[in-house]
Amino acid sequence: MKQRLEICHQIESTATGLPSTAQFQIWAEAALLPEIATAEITFRIVDTEEGQQLNRDYRGKDYATNVLTFTFDEDMPDVPGLPLMGDIVFCAQVVEKEALEQNISLIDHYAHLTIHGVLHLQGYDHLEEDEAEAMETLETKLLATLGISDPYAAEK
């Protein structure tokens, strides 16, 4: 039987304490909706320079952000049998800074951002308030299944 999720784990960062391939596998599988038969996702951890360049080139924002999600087939017609494919890029220094500021563990923050990115790959967004609320609720529920606290609790 074919594995439901195939991942590629790329580390292009000097940071330490980064998630393992096995952790990304667990987190991404938790976030895949039941209707997704197969997925191929690359998880790439980069330093500030590459993170800023990607955010500038693809989003027009000249700063490094915590996570960027790139969907392979976003502008393609629906092709039956084609797996969900995409790249999720984390900027290690931004993720670490946020974890420290929010007083949460680095690994829990990576878990949250992984789930957030995988939901983006599946079409979730947070541009509108109702979309953001639905996405945050689902993120919180999925994180709870992994034993991770609500990342939005301080905002409520």
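Colleague: In which sense do S2 and S4 pair, and over how many bridges?

Modeller: Strands of a sheet pair through backbone hydrogen bonds, parallel or antiparallel. Here S2 and S4 are parallel, over 8 bridges. Ile41 has Gly86 of S4 as its bridge partner. Pairing requires at least two DSSP bridges; strands (E, at least two residues) and helices (H or I, at least four) are DSSP runs, numbered from the N terminus.

This is a predicted model: local features need pLDDT of at least 70, side-chain atom pairs 80 or more, while totals for chains, interfaces and linings use all residues. Numbering starts from 1 along each chain as its sequence is written, and side-chain values use heavy atoms, without hydrogens or water.

Colleague: What is the strand order of the sheet?

Modeller: The open sheet of 4 strands runs S1-S2-S4-S3, with mixed pairing. S1 and S3 (67-71) each have a single partner strand, so one side of each lacks a neighbour in the sheet. Neighbouring strands are turned by 15 degrees on average, direction ignored.

Colleague: Which residues touch the most other members of the largest nonpolar core?

Modeller: Ile41, Phe43, Ile88, Phe90, Tyr110 and Val118, out of 32 residues. H4 (106-121) is among the elements that each supply at least two. H4 gives the most, 7 residues. Such a core joins buried (under 20% relative accessible area, 1.4 Å probe, protein chains only) Ala, Val, Leu, Ile, Met, Phe, Trp, Tyr and Cys through side-chain atoms within 4.5 Å.

Methods. Buried means under 20% relative accessible area, exposed over 50%, partly exposed in between (1.4 Å probe, protein chains only). Axes are lines fitted to C-alpha atoms, for helices over the stretch in contact, and angles run from 0 to 180 degrees between N-to-C directions.
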